[in-house]
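Good morning. Please have a look at it first.

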Amino acid sequence: MFGAGGGTSSYAEVEAADLILLWGSNAREAHPIFFHHVLKAVADGARMYAIDPRRTSSAKFADRWLGLSVGTDIALANAMGREIIAAGLHDRDFIDHATSGFDAYAAHVESYTLDWAAEQTGVPAEAIREMAHAYATAPNAQILWTLGITEHHNAVDNVVSLCNLALLTGHVGRWGSGLCPLRGQNNVQGGGDMGAIPNKFPGFQDVDDDEVRAKFEAAYGTELNGVPGKHLTLMFEAMEAGELRACYVIGENPADSEADVEHARKLLSGLDILVVQDIFMTRTAEMADVVLPASVAWAESDGTVTSSERRVQRVRAAVPPPGQARHDIDIIGDLARRLGCDWGHPSPEELWDEMRALSPMHTGMSWERLEATGGIQWPCGSEDHPGSEFLHGWLWADDLEGHDPAPFSVTHHAPPKEQLSDEFPLRLTTGRALDSYNTGVQSGGYASPIRYGDAIDVNPTDAAELGVADGERVLVSSPRGSVEMDVRLQPDIPTGLTFTTFHFPELVDANILTNDEWDPRSGTSEFKAAAVRISKLDPEPAPV
Amino acid sequence: MTAAGTITETAVTLTIDGRPVEVAEGSTIHAACVEAGIDTPTLCWAENLTPVNVCRVCVVELEGSRALVPSCSRPADDGMVVQTDTARVRHSRRMVLEFLGSGVDLSQAEDLQRWMEAYGADPDRYADEDHPVERVEEPVKVQDELYIRDYSKCVLCYKCVEACGDDAQHTFAIAVAGRGFDARISTEFDVTLPDSACVYCGNCVGVCPTGALQFKSEYDLRQADEWRPEDQSVTRTVCSYCGVGCNLELHVQDERIVKVTSPADHSVTSGHLCIKGRFGWQYVHGE
Amino acid sequence: MTDIYLGADRATELEEAAVDAALRTRGVDPVVQPETERLYTSGRSRRRERRHFLLPALHALQNAVGWISPGGVNYVAEVLDVPPAEAFGVASFYDLFRTEPPDHEGDTFHVCVDAACQIAGYDDLAASVRASGAHVHFGPCLGQCERAPALFVQGCGGRPDYVPADAEPFVLPQAGNPDLRLLRRIGVADPESLEAYLAHGGYQALRRAGQMGAEAVMEAVADSGLSGRGGAAFPTGVKWRAVAAETGRPKHVVSNCDESEPGTFKDRIVMEQDPFAVIEAMTIAGLATGAANGWIYIRGEYPLATARLQGAIDAARAAGFLGEDAAGTGHDFDIAIWRGAGAYICGEETALFNSLEGFRGEPRNKPPFPTTHGLFGEPTAINNPETLLNVLDIVTDGADAYRSRGTERSPGTKLLCLSGKVGRPGLYEVPFGTTLGDLLELAGGVAGTGELQAVLMGGAAGSFVGPDSLDLRLTLEDTRTAGTTLGSGVVMAFDTSVDMTDVVVRIAEFFRDESCGQCVPCRVGAVRQHETLVQMQKRGALSPVRRELIDEMAEVMVDASICGLGHTAASAVRSALSLGLIGEAPSS
């Protein structure tokens, strides 16, 4: 985007929004408590548009649902941009003051007419026009998105297409308007904050910036590698190329969660050594040479996590870890000792203090403050700073506070890599169910009365054409493989589209079907768009 | 880079029990009582729910008003004169508590028991030997592994309905059905919870003041006579599932989590959780 | 605006057709479908547009199949975007709706068990209905006390509701009396003919109001001293001015036709016999307050009044007296009718709003008041038909002429519902200030033993007075001083043959049955009060401890209940005790 990776706004601002674009997010099920904040806005009169191929439970709360074809988000966003400009609803003063590249953007989106976008997306032109006008004219507007935007081969383009809309209308950098990507894991934001990104140190500081690196080298007393590392998808490519031979996996289950999962498992099993540190004996752990039993981070150890609104909050030990399970800090410390580095036995607080001395955005968050408050939102540069409700206020400052203007990006509509064909005529997209979580290793632990398993949702019209009934076991095939699944008739998805969750890999290995085409910039795979075929298991008996 | 939405608050001054109390405009009389350090019983009021003022246990005497007024919902106006401890107020509070105790089982409603003692409520004086009074008596509904519902403990405070509905979850699986003394909290046609719209967020249980709604984990321990609040610790942490950052309070007894709640005053949850946060902890104990 | 979950039950074709027809009659397309397969409009807008059709839809289901079935609820839930649990909660609130399959074939014959019908022998009526093979349902006052015992037939299988007594010709006891004001057209002008209404001075008031303008109309109403005739006697002019002062939001005029106070039937007769007058007066209220939306909320047990009002609305609209630029006044105004479904509490104005909006008929806490937060949370002037009727003469003749009748503080005339043991029960109009004794004489004196034991003033929510009150002047001020009330105009006489304990126990039971259950003082208090009186009846006397308990319970109901139902639930009981009508062991 334009700076550190994090949602620009707070939940409180979402509550105060006049207009909400819920884009590629089924927050009602995937982020239920965030959705409570959305509902407060809606109850207070905010208008909401849901942009999603499926009419999800979230979309049912929207004033309008726009059921675009999978992977046509850029066509829709650019057409909105064109319409906003054509109608003169863009914020010229803001654009002149705070952005760059507007003319190129405007020229580029000129060809994204409403009619053309309607053809690409399947959504009526009038609805796109209405949404564009509503967004541009709202006093405060929020764009909220999740994996419907990012689990595509062109994830980054999808995101910047939405950012373009915010720059076009000035819906960013001020209280009430902004862009909110919702995080899928309780600390994926915190992991990024702490530098668990191939090219960043803690606080989103670049590893290839000499000055930054020198600061960390001085603090750590050792030389640091300035070459950006590999993200997960590149690691698998490196495994395939034989360049990556050892893997230390902490709290991740790629043997179940990767797209085209059979291929991933083959690569993991071919490593020289696989070390897995986890609280579960996951499928990945079962493949490991060494398993290091860890403690539950949020209930058996102390530390911090960061939420989707950049709020750093304390987690605390409530129960002791079972058996031989140990705290992650102790495991890593011991491993370091065996490798010849004695880091002592730092407490979580001591580690935190070391980190905040090096990361300016965290410097003001003392352990005491985190204990005493309901969390602090970064950036928080000093101990008298209250934390930041929203980001990028500099866009509205007279001198941009020394920043370069925020650039518009030119993005091109590019349909999903895997095109539908006669052989695979149905689009398969994936998502989450309310009571389950990712590959189910945690959520499988309780008896949910509303769990229905990984069925494949099919529009009743399609099902009738296929001759399959509700609850029927069928064979679902993609170019990568086949799995047996139960059909669930679902009138809330359009014809031609199918949907499944992937919470029960032991029962249904849904990621056998998904596409591992990935975005070279983000490393995310195109979970949201595979081409599949549904066939009956038992062919009709031949007439006698 | 912080809140731009700063609103200048106007203050109003009212007199409570002869003392001037200043609160922000829009505050309730109850909030003013809290401000003044006056202990006021409440039952249907909660800080994370819209006041419905149905229980009437918080009533106060307001000069110029013929009837007593519910302090939980009545906005404080400049110049109001309020009495919280007159004979009328004490009588109404005592009677409301007695009425409740005469009709339902309040054995697990700790706050109410405390108030009943303070106001000298005697719920047993309505019945005598040849004159039984009508009570709410229904078998406990155990329909799944997460909740139980025991409506013989229900005081019809509407909190669960609010939490399931407009005030938080917007699922509307339960509503008040029937009328008068026969009114009950119910799903449509009393279908079981698994057959209803219920999504098991547990937010109804979280706001229930009497134990009519309970987590099955608590109910089972109580049935086994092993529920010991005095031996429990409460630890605040953050949910392990999605990235919203919901605060959890882990209630731990004998090194095991026995239930999960959320602080009502936290900006992320306002006390409300989803099914994963509320019940997804069981893997911690290897279950 | 919700992700509604529907169980597996589906409505029958019959149920769907009934709901569809009910909605289409009200201009709503029941078909729920997306604009295209990729576009769907729902959200708040739909909920706001549709929720208030819940009551008509439930009526349609009840009428079609005799109950509200799970499949029927699911269909209504889907069409109206109402969660099934809430739809069930609403359906189960009303006495005219069943939420279990009926255990009988055919229509339901509702027999009233309240005071007037109690002393007129409803048992005999019920027995004769049963003998004919029909199903009897005992229920509260049906608003036909002048022709007690009362019967109301609730149709099933698509058959309409009806009241057998409506087949008899209507006779006004004071017919031909030249002093009648509010009742002067009754029995004179054909209530089903707009021409007849016009020929008898109809729509002159609206024409005059159009010439005067809103401000002058409100001034006349304020100067007239007109106050509400439902019991609370709030000045109508003040109410209208408050609504008129609200701007920027839609505004409403609601006619509270949910007349359910036991002993009351005045509005029924006005609506049945002079429906155009109610419509015209509402239109004037709309003009004065600047409200464009008129609503009639009428109790479900009044099928004839409903039909006559609907006929009047249709005829008035066709003739240009309703709709855009109503009667050439430059003001847009139209009226829709919503039927209640058997709930006394819905006569309480805020409960009425909730009921009409498609929610349970539970009263709201006041403040805020209807003038700023009424129907749909918007400014609302709510008046009952009798109050509205007075406006016609005030506008036509002016406030001074109006004030020439009645007393200084109670100007005008009053409609009074005479029932019980009187010679000629029925609806009477007298100037305020007439004495109770003169009124009883006008109604033919005390019947039965000819010796008066007590009079119930103002209905179940009112109080008893004894034979020593015959000199009581019937004004707001005199009744208040005497510790009683005119209430909704009930004057029910009991001769010395009546067992008052039966009557009072039934009044207590009435409140127990009709409490909405929302607030604790009333929900439990009404039950405990009734239990205590039943115990008294069994023992023949009330112990001093129990006597004190009655007062203690009354005090909390008066002080801490949300609405007037709780405030008045002990009033008749306490007056009966203090008059010695009940509670003491028989002296001989």
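Leaving aside its neighbours within four places in sequence, which residues is C:I68 in contact with? Before the answer, some housekeeping. This is a predicted model, in which local features need pLDDT of at least 70, side-chain atom pairs count only at pLDDT 80 or more, and totals for chains, interfaces and linings use all residues. Residues are numbered from 1 along each chain as its sequence is written, chains are lettered from A and ligands numbered from 1 in the order in which they are written, and side-chain values use heavy atoms, with hydrogens and water left out.

Now the answer. With sequence neighbours within four places set aside, C:I68 is in contact (heavy atoms within 4.5 Å) with B:F189 and with C:L58, C:L61, C:Q62, C:V73, C:A91, C:F97, C:R98 and C:T99. C:I68 itself sits in the loop between helix 3 (54–65) and helix 4 (70–80) of chain C. Helices here are DSSP runs of H or I with at least four residues, strands are runs of E with at least two, and both are numbered from the N terminus. C:I68 has a relative accessible area of 0%, so it is buried. The cut-offs are under 20% for buried, over 50% for exposed and partly exposed in between, with a 1.4 Å probe and protein chains only.

Next, the nonpolar cores. A nonpolar core is a set of buried Ala, Val, Leu, Ile, Met, Phe, Trp, Tyr and Cys residues joined through side-chain atoms within 4.5 Å. The largest one has 223 residues, and C:Y94 is among those with the most contacts inside it, along with C:W240, C:I279, C:I296, C:F464 and C:F511. Helix 13 (residues 275–289) of chain C gives the largest share of this core, ten residues. There is also a second, separate core of 52 residues, which includes A:Y49, A:L66, A:A106 and A:Y112.

Now the domains of chain C. Their bounds come from an automatic or database domain assignment, and domain 1 covers 13–91 while domain 3 covers 194–403. The centres of these two domains, taken over C-alpha atoms, are 28 Å apart. Twelve residues of domain 1 and 14 residues of domain 3 make up the contact. Between them the two domains bury about 980 Å², 62% of it on carbon and sulfur atoms. Buried area is the accessible area (1.4 Å probe) that two parts lose on being put together, summed over both. On the domain 1 side, C:H52, C:L55 and C:H59 supply 55% of the area buried against domain 3, more than any other three residues.

Last, chain A against chain C. Here 25 residues of chain A are in contact with 14 residues of chain C. The two chains bury about 1,700 Å² between them, 46% of it on carbon and sulfur atoms. A:F61, A:D63 and A:W65 supply 29% of what chain A buries against chain C, more than any other three residues. The rule finds one salt bridge across this interface. A:R28 forms a salt bridge with C:D3, and their closest N and O atoms are 2.8 Å apart. Strand 3 (residues 64–66) of chain A gives the largest share of the side of chain A that touches chain C, three residues.

Terms used. Salt bridge = Lys/Arg side-chain N within 4 Å of Asp/Glu carboxyl O.
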